[in-house]
Amino acid sequence: MAVASEGVRPAGAPIIEVEGLTRHYGKLEAVKGISFEVYPGEIFGFLGPNGAGKSTTINMLCTLLRPTAGRARIAGYDLVTQRNKVRESIGLIFQDPSLDDRLTADENLRFHATVYGLPAAVSKQRREELLKMVDLYDRRDQLVRTFSGGMKRRLEIARGLLHYPRVLFLDEPTIGLDPQTRLHLWSYILNLRQQKQITMFLTTHYMDEAEYCDRIAIIDHGKIVALDTPSRLKDMVGGDVIRLRTSDNAVAAQQIKEHFGVEPRENKGELVFEIAGGEELVPRIVEKVTARIASISVRRPTLDDVFIKLTGREIRDEEADARELMRGFMRSRRWGRR
Ligand SMILES: Nc1ncnc2c1ncn2[C@@H]1O[C@H](COP(=O)(O)OP(=O)(O)OP(=O)(O)O)[C@@H](O)[C@H]1O
C-alpha cells in the first residue's frame, strides 16, 4: 500500500519525532513501526477506524504504554529514558472523562495544580486565566455534576493546560458529543492554538473533525497509509466523486468504463467513481449510459473518499457506530452513578 508523500513540511525542528514505533499485545501487532514528525504549533491528527491503533499510539507518546520497539522524542526528550521530562512537557485529554463531578470546576483544577506542584499564586492566576479561556469562569464554583458534556470537555482542556504543556494530546476529544457541541469545542481548540501556540496531537475517527487539522496521518491496521494536509490528501482521490443508481449497474459500469476510461465500483447498490470535472460530464454520462438512471450525484471528495481509495473500505462501519453508542451509554451511566 502506498504512503502519500508529505507534500507540505512545516519549517523548524520537530517537537514530536517518532521512528519505527511498534507495540505488540501478545501476538497482536497493534502498531507496526510507524514514523512521523510533528512541528511546533501544528494541529496534527491521527485518523482511522476503531481498532486501527490510534489510542495505542497516543498512550505510548504520553508514556502510559511502553513501546515494544522504535523510539520517539517529545520536546527533545526521549520517551523511554526521559519519561518524567516528557510528562512535564505534555497535557492529556482522554476519551473517558476523568473529572471529579462531586467537586466544583475550580476545585478540579486546583487539585490538578497541586498534583503538578504549582505554587499557590501561580495556580490561582492560571486557573483564572484558563477558566476564562474556556468560558467557564462564571461557573467556576458550581459542581461539575451540573455541567453539560461540552462544558466538561472544556474544563478537561483547561485542566490539561494548567502546567503550560508544550504539546497537548487529545484522544477522540469530541467522542459522544452532539454535532453542535463538537463544533463549539473545535472553536475553542482553534482559538487555543492561536492564543498559546501550543502543538496539538489528536486522534479521531470523525472526518469533519480531521478537516480542522493542519496535517493528518491516516492509520489503518497499525500502519500509516497516508500523511499530508487535508486538501492534498483529497487531491489524491483524483477528481469529483460521482454516484449513480441505475436499473442495470453491470451494463452502466461497462459503458462508463468504455466512454470515460474509469472503472466504477459498486457500493450499497450504487456505482461510484472519481473523475475530473464531474459536473460538466453529467450530461455526457446520462447520454452514454443506456440503463435507466434513477439518481446521479456529483460532489467534491471528502477524507472518507481518501480512506476508501487507500484501503477499499469506509472508515465508519456499523460495528463502530454501535461501539460508540455503547461508549456514550456507559459514560452517561458512569457519570450518573457518582
Ligand atoms: N490492552 C490491550 N490488550 C490487547 N489488545 C489490545 C489492547 N488495547 C488495544 N488492543 C488491540 O489493539 C488494536 C488497536 O487498538 P487501539 O485501541 O489502539 O485502536 P484505536 O484506533 O484507538 O481504536 P478505538 O478508537 O476503538 O480505541 C485493536 O485490535 C485492539 O483490540
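Which residues are around the ligand?

## The shell around the ligand

In this predicted model, local features need pLDDT of at least 70 and side-chain atom pairs count only at pLDDT 80 or more, while totals for chains, interfaces and linings use all residues. Residues are numbered from 1 along each chain as its sequence is written.

Around the ligand are Tyr25, Leu28, Ala30, Gly48, Asn50, Gly51, Ala52, Gly53, Lys54, Ser55 and Thr56, where a residue is near a molecule if its C-beta atom, placed from the backbone, lies within 6 Å of it. This shell divides into 4 nonpolar, 6 polar and 1 charged residues; Ala, Val, Leu, Ile, Met, Phe, Trp, Tyr, Cys and Pro count as nonpolar, Asp, Glu, Lys and Arg as charged, and the others, Gly among them, as polar. Strand 2 (28-38) and helix 1 (54-61) each supply at least two of the shell residues, and helix 1 gives the most, with 3; helices (H or I, at least four residues) and strands (E, at least two) are DSSP runs, numbered from the N terminus.

## Two residues with positive phi

Threonine 63, in the loop between helix 1 and strand 4 (69-74), has a positive phi of about 70° although it is not a glycine. Glutamate 172, in the loop between strand 7 (167-171) and helix 6 (179-196), likewise is not a glycine and has a positive phi of about 45°.

Threonine 63 is buried, because 21 other C-beta atoms lie within 10 Å, and glutamate 172 counts as buried with 23 C-beta neighbours inside 10 Å. A residue is buried if 20 or more other C-beta atoms lie within 10 Å of its own, exposed if 12 or fewer, and partly exposed in between, with C-beta atoms placed from the backbone.
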